Amino acid sequence: MKEKWWHDLIGYQIYPKSFQDTNSDGIGDIPGVIQRLDYLSDLGISMIWICPIYCSPMMDNGYDISDYTRIDSVFGTNGDLKKLIEEAKKRGITIIMDLVINHTSSAHPWFQEACKNPEGEYGKYYILRKGKNGQPPNNWRSLFGGSAWEKIEGSEYYYLHLFTVGQPDLNWENEKLRQALYKMINDWLEMGIGGFRIDAIAHIKKDLTCGNLPSDGPDGLCSGMRYFRNVKGIEDYLKELKERTFEKYDCFTLAEVDDIPEERLEAYIGENGYYSTIFDFCHCFHNCLDGAWKGRDKEMLLDVRNRVFERQKKMEGRGFFCNYQENHDMIRIPDRFLPKEKQNFYSLSMLPVMYFFLPGIPMLYQGQEIGMTGFWREHIEDYVDLATHNNYQGYLEQGMTKEQALEKINYTSRENARTPMQWNDGPNAGFSDGMPWFAVNPDYQKVNVEKEQQDNGSLLKFYQKLIALRKHCVYQKNWVYGSFTALEEDSDQLWCYMRCRDGQRLQVFVNMSDEWVTTKGCYDGKVLINNYAALSQKAGCLLLQPYQAVVLAVES
Ligand code: GLC
Ligand code: CA
């Protein structure tokens, strides 16, 4: 594989609204990110993905953009972003922006024009269709619940919105629209950002020939996914997008795409793929609080291991996944992977070791490094996210009581990962001097950055060590380019793998269970990291304590 500048990045995702507020309006901002750059630099990360900060009515927290060229005043100014890019650069950190080009906000001037004149120039920027007998053009369900079509007042037309009603989908068939997007992308790249995280890009092509589909829910609608995700022909757009923009700047691109057929993986993230990397979604639907895996945390972790390893084997030497456990769209990893009573330093610190040393780009989400978790709300009104409220309504329609629906929301709402960052034990956890837009987790006196900075045995310090090990000059090339071999695959309690390169063998051992487990194989080597004080061995085998995680190095 040809070496590229972005291969060894270690990413950190910032949800700006909840990171650090500097002007007491209760909302995080860009000056807040700048203020915390030293913290991030000490943590050791080398790339920041910042969720959308463009002008937006914030119906979907910035994923509904009304002006692609300007920063929303709530977050700061274009000048602030420039300063952030420069300050980050001084610390060896590259900034990547969120690129939302499947849809705009309904407040975008293009859409406003389209509504005034659906048959005019801007009508062609969106996906507008006439209704049928007073009904929407088809019965697709929006990904966030309800019909995916909304009527344009005073016309016969409906517009398609795969996400909230405030996010009309763009019409990629229109060359003019594509040109406008490419120009916007290139302007940002000119400003010096390192690249983009690309939102919802798997949906830019739609197959609208299908008409009404058999309903799959009490709402009479149908998910329709196969008609608007990774639809055949999408590659023409992806190729053009890459050639007209990203490639010219040799930038880093990280795409949100799930479920790519295996035979297309190489085209997407191979040496000359459309993107540098994509998120690996294979663990996203695993949650021990809810659904098929409810209460089955042990089997669930084993299933995650098998899926992750299978993917790694398929991709080996051909391309990179972005490996992560948390983001702003899922509940936090301790809650997703471990029952509350099993959450402790050992279990929380073994979690990142599972994925941090796999081939690929490791990514953290703000607060993951201190072990932030979600907390229960007693009222649905305590949630702000529209998708969460739509889901709640959906659960009621399915026949759940209000209590049951709220419980499910508490177990699953993505907004649980969006509580303000816990910096210290002061008012509002040091996030803001004002009234935070969303309640701080009441556990902030126990779980916060300042406290963990003062404690050498804290989770934060452990993450620091992990990152330092990933970047250590003796091992870095192996972590990035070494081969991947699964170890101890017969065990249903262990998550172990080996990375090899030029006679160097790095072995990662994670005990995912709350019991002692002995390895079948014999291993030795220098201990590079260990979340316990000691490592026991018996006749060459490792005796791993509950949730023990160890990395061993052997040089030949
Ligand atoms: C992506 C984002 C999510 C957003 C959606 C619509 O899935 O991660 O937060 O709501 O796209 O833009
Ligand atoms: Ca603010």
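## From domains to contacts

In this predicted model, the protein chain is divided into domain 1, which covers 109-160, and domain 2, which covers 483-554. The centres of domain 1 and domain 2, taken over C-alpha atoms, are separated by 56 Å.

We can turn next to a pair of helices. Two packed helices are described by the angle between their axes and by the distance between those axes. Here the pair consists of helix 11 (residues 386-397) and helix 12 (residues 402-412), whose axes come within 9 Å and cross at roughly 140 degrees. Because angles over 145 degrees count as roughly antiparallel and those of 65 to 115 as roughly perpendicular, helix 11 is described as oblique to helix 12. The crossing of these two helices, helix 11 and helix 12, is right-handed. On the side of helix 11 the contact is made by Thr 388, Asn 391, Tyr 392, Tyr 395 and Leu 396, while helix 12 contributes Lys 402, Ala 405, Leu 406, Lys 408, Ile 409 and Thr 412. Sorted by class, the residues in this contact of helix 11 with helix 12 are six nonpolar, three polar and two charged.

Finally, there are the salt bridges, of which a search of the whole structure finds 41. One salt bridge is formed by Arg 414 with Asp 60, and the closest N and O atoms of the two are 2.9 Å apart. This pair links distant parts of the chain, for Arg 414 lies in the loop between helix 12 and helix 13 (449-453), whereas Asp 60 lies in the loop between strand 3 (54-55) and strand 4 (67-71), 354 residues apart.

Terms used: Residues are numbered from 1 along each chain as its sequence is written. Chains are lettered from A and ligands numbered from 1 in the order in which they are written. This is a predicted model: local features need pLDDT of at least 70, side-chain atom pairs count only at pLDDT 80 or more; totals for chains, interfaces and linings use all residues. Side-chain values use heavy atoms; hydrogens and water are left out. Axes are lines fitted to C-alpha atoms, for helices over the stretch in contact, and angles run from 0 to 180 degrees between N-to-C directions. Helices (H or I, at least four residues) and strands (E, at least two) are DSSP runs, numbered from the N terminus. Angles under 35 degrees count as roughly parallel, over 145 as roughly antiparallel, 65 to 115 as roughly perpendicular and the rest as oblique. A crossing is left-handed if the near helix is turned anticlockwise from the far one by less than a right angle, and right-handed if clockwise. Contact means heavy atoms within 4.5 Å. Ala, Val, Leu, Ile, Met, Phe, Trp, Tyr, Cys and Pro count as nonpolar, Asp, Glu, Lys and Arg as charged, and the others, Gly among them, as polar. Domain bounds come from an automatic or database domain assignment. A salt bridge is a side-chain nitrogen of Lys or Arg within 4 Å of a carboxyl oxygen of Asp or Glu.
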